[in-house]
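I opened this notebook to keep track of what I looked up, one entry at a time.

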Amino acid sequence: MTSLAHFEKVAGSIALPGKAVIDGKTLAAASGATFDNVSPRDGRVLNQVASCGAADVDFAVTSARQAFEDGRWRKLHYRDKKRILFALADLMERDAEILAVLESLDMGKPISNSLDSDVPGSIATLRYYAEALDKVYGEVAPAAPNRFSFVEHEPLGVIGAIVPWNFPLLMAMWKIAPALAMGNSVVLKPAEQSPMTALKIGELALEAGLPPGVLNIVPGLGGEAGKAIALHNDVDMIAFTGSGAVGRLLMQYSGQSNLKRVSLELGGKSPHIVFSDCPNLDTAAEHAAWGIFYNQGEVCTAGSRLLVHESIADPFVEKLLAVARTIVAGDPLEPKTAFGAMVSGEQMNTALRYIETAGREGGDLRLGGKRTREETGGFYVEPTVFDNVTPTSTISREEVFGPVLAVTRFAAVEDAIRYANDTPYGLAAGLWTRDVTLAHRAAREIRAGLVWVNGWDSCDLTMPFGGFKQSGFGRDRSLHALHKYADLKSVSITLP
């Protein structure tokens, strides 16, 4: 483990990226406009970032379309595609520390998370899809004796990827890697709160030999650059991770333009259920605490609703609180920090408003509930636990996207499943039980795209990621994600 001084030195030595990457060049916005890139660590402005608008998006899409049509990437031999994508992964590994520092400065997450999880996970994602790109097979269909029929996968064309601020690099790679692996061109818009790792990836992609125009990075405000991408008639698909409100807008923009495909990974209000026969209360309490407080609660799959059987609720909540009290906000660049800053003052204030509402609605505040480290100028909120929360309360219904846990007690299995499903979301769920029959029953009856039994977030890149209901549609991760970025073509040849 290195030191705070080391990472501050790295931060001081980095030329912070702030220009768009379009058509193989780093460029300012056509208008010359920029926006302040503020670090949640201390509230200071890190740098000025190009604020791209419709003209920049049009340039990026035109470049991506030309690259797709002339086949500089689409028609490249699969061995060369793999070589270039693996080269990019190697460059990311070379610059892993720089990427991690950029991520923590931009987003406020602990440097240990960036360095040990986010950056390695992003590199692993790229290598996974680089290795998989020559293993997508077509089909030979049944046909008449004088006919040969087959089905093949063809890339869609230009993919507009719009990614969130909570896992900026990893979410970008979940979309970039499979889209490029299938032969598409990509126009990526990072969140304005955390643009730097995406811009750095754009630069590294050119260094790796990715042809100009194949990957374009367009920073800017969501209502300007994001909207322009979604409305552009030459974008074939939008791949989005973010809020439900923006997801609805993107579907409207698709209808208002060229009916482009839309893949949405949206919010969640994930239930974490502890049944009376939980195999290990201490382990479950550890998972329950980190299931909500990891990444400051800014996780779409955060276990923000803890449902505990009434027979074990009191001792379990005490064990949970014992873990939560050890989770203390600290400097994101301090290697010992496990709980950092929220991404912005706006997001911090949103969490504080929900905390105030929960108290007003009768929730029993057991821990936290306040802003902390205010003297730093950064955006920090204490890990917060409310007990005896009703299923109809605001913090049981709405996504806080912050370090706020609602604990609800239940009497019967049917109650737990009903509470779990009583939400417009359906992204993830977790449950703890020794009973394999109950595990299978609950997993089937809970309406969620991911269900984890006896371990929160207990899956990896090989498993599809996405939700039901208003948590969206389409899947990231796994080999299934490759098919999202391709179309099926049926070809039948009648023999003379």
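My entries below cover a helix residue, the aromatic pairs and the charges over rings.

I noted at the start that this is a predicted model, in which local features need pLDDT of at least 70 and side-chain atom pairs count only at pLDDT 80 or more, while totals for chains, interfaces and linings use all residues. Residues are numbered from 1 along each chain as its sequence is written, and side-chain values use heavy atoms, with hydrogens and water left out.

I looked up valine 119 and found that residue in helix α5, residues 111–132 (a helix is a DSSP run of H or I with at least four residues, numbered from the N terminus). Valine 119 is buried, at a relative accessible area of 1% (buried means under 20%, exposed over 50%, partly exposed in between, with a 1.4 Å probe and protein chains only). Beyond its neighbours within four places in sequence, valine 119 is in contact with Ala96, Leu99, Ala100, Ser114 and Leu169, where contact means heavy atoms within 4.5 Å. Leucine 169 is 50 residues from valine 119 in sequence, and their C-alpha atoms are 7.2 Å apart.

I then searched the whole structure for aromatic pairs and found six (rings of Phe, Tyr and Trp, the last by its six-membered ring, pair if their centres lie within 6.5 Å; planes under 30 degrees apart are stacked, over 60 edge-to-face, the rest tilted). Tryptophan 452 and tryptophan 456 form an edge-to-face pair, 4.8 Å centre to centre with 75° between the planes; tryptophan 452 is buried at 3% relative accessible area, and tryptophan 456 is buried at 11%.

Lastly, I noted that arginine 74 lies over the face of phenylalanine 68, at 4.8 Å from the ring centre (NZ of Lys or CZ of Arg must be within 6 Å of the ring centre and within 35 degrees of the ring normal).

Definitions and conventions:
Helix = DSSP H or I, 4+ residues; strand = E, 2+ residues; numbered from the N terminus.
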